[in-house]
Amino acid sequence: MEKQTPAPGPAHDAVDAIADQWAVVRPDLDTLPMAVFGRIYRLAGAMRGKVDKAYAPYGGMSLGEFDVLATLRRSGEPYTLSPRQLTATLMITTGGMTGRLDKLERAGLITRSPDPNDRRGLRVTLTEEGRALVDQAVGAGLAQQRAAVEAALTQEESEQLAALLRKLLATTA
């Protein structure tokens, strides 16, 4: 499949407008970091909505619920983790995790069982239905992401951006 060269982006966007306003009232500020992170935040928000729509046909699953199922799936057989491991991986509160797990368990996509190694602990396991669902949904979400990337960037630009974001994330995490 031959890649088309994506069309150039806008010469001036909403983030530029914000930086321009700051330049008028505070010309002493360097707003380049704001331009970088402003676009990251806006991009994340825009893609969250698109990916949520891609996951919706799969039982009305949200991005957060997909993240739980995908984390269990990526963990490999037996597709089991503790709630604490899930919470740490997904960087959410324990209360937020409990709500997600409750919904996924009601839908039959996960099970919770006592941890045989810790009387106080639980194990969360992906069911066969959950595995089948996440295997379908991951393709739908990736298709949305691929479409967005390919509409704006060449393969080389995508690789450069991924590398630059990895570098930036490594210094801020």
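**The second largest pocket and its surroundings**

Author: The second largest pocket has 14 lining residues, and those nearest its centre are Ser82, Pro83, Arg84, Gly121 and Leu122. Here a pocket is an open set of points on a 1 Å grid over the protein atoms alone, where a 1.4 Å probe fits and protein lies on both sides within 12 Å along at least five of seven lines; a lining residue has an atom within 4 Å of a point. Rolling a probe the size of a water molecule over the atoms shows where empty space is left.

Before we go on, please keep in mind that this is a predicted model, in which local features need pLDDT of at least 70, side-chain atom pairs count only at pLDDT 80 or more, and totals for chains, interfaces and linings use all residues. Residues are numbered from 1 along each chain as its sequence is written, and side-chain values use heavy atoms, with hydrogens and water left out.

The second largest pocket holds about 350 Å³ of space, where a volume is the space filled by probe spheres set on the points, and grid points are joined across faces, edges and corners. Its lining has four nonpolar, five polar and five charged residues. In this count Ala, Val, Leu, Ile, Met, Phe, Trp, Tyr, Cys and Pro are nonpolar, Asp, Glu, Lys and Arg are charged, and the others, Gly among them, are polar.

Which elements supply at least two residues each to this lining? They are H4, helix H5 (94–106), S2 and S3. Helices (H or I, at least four residues) and strands (E, at least two) are DSSP runs, numbered from the N terminus.

Let us follow the strands. S2 (residues 110–115) and S3 (residues 118–126) pair in the antiparallel sense over six bridges; two strands pair if DSSP finds at least two bridges between them. The two form a hairpin, with two residues between them. Across this pairing, isoleucine 110 stands opposite leucine 126, and threonine 111 has threonine 125 as its bridge partner.

S3 also pairs with S1 (residues 80–81), again in the antiparallel sense, over two bridges. There threonine 80 stands opposite threonine 125, while leucine 81 stands opposite valine 124. Together the three strands make an open sheet in the order S1-S3-S2. S1 and S2 stand at the edges with a single partner strand each, so one side of each is left without a neighbour in the sheet.

Now for H4. The axes of H3 and H4 come within 11 Å and cross at roughly 110°; axes are lines fitted to C-alpha atoms, for helices over the stretch in contact, and angles run from 0 to 180 degrees between N-to-C directions. That makes H3 roughly perpendicular to H4, a label for angles of 65 to 115 degrees.

Technical notes: Angles under 35 degrees count as roughly parallel, over 145 as roughly antiparallel, 65 to 115 as roughly perpendicular and the rest as oblique.
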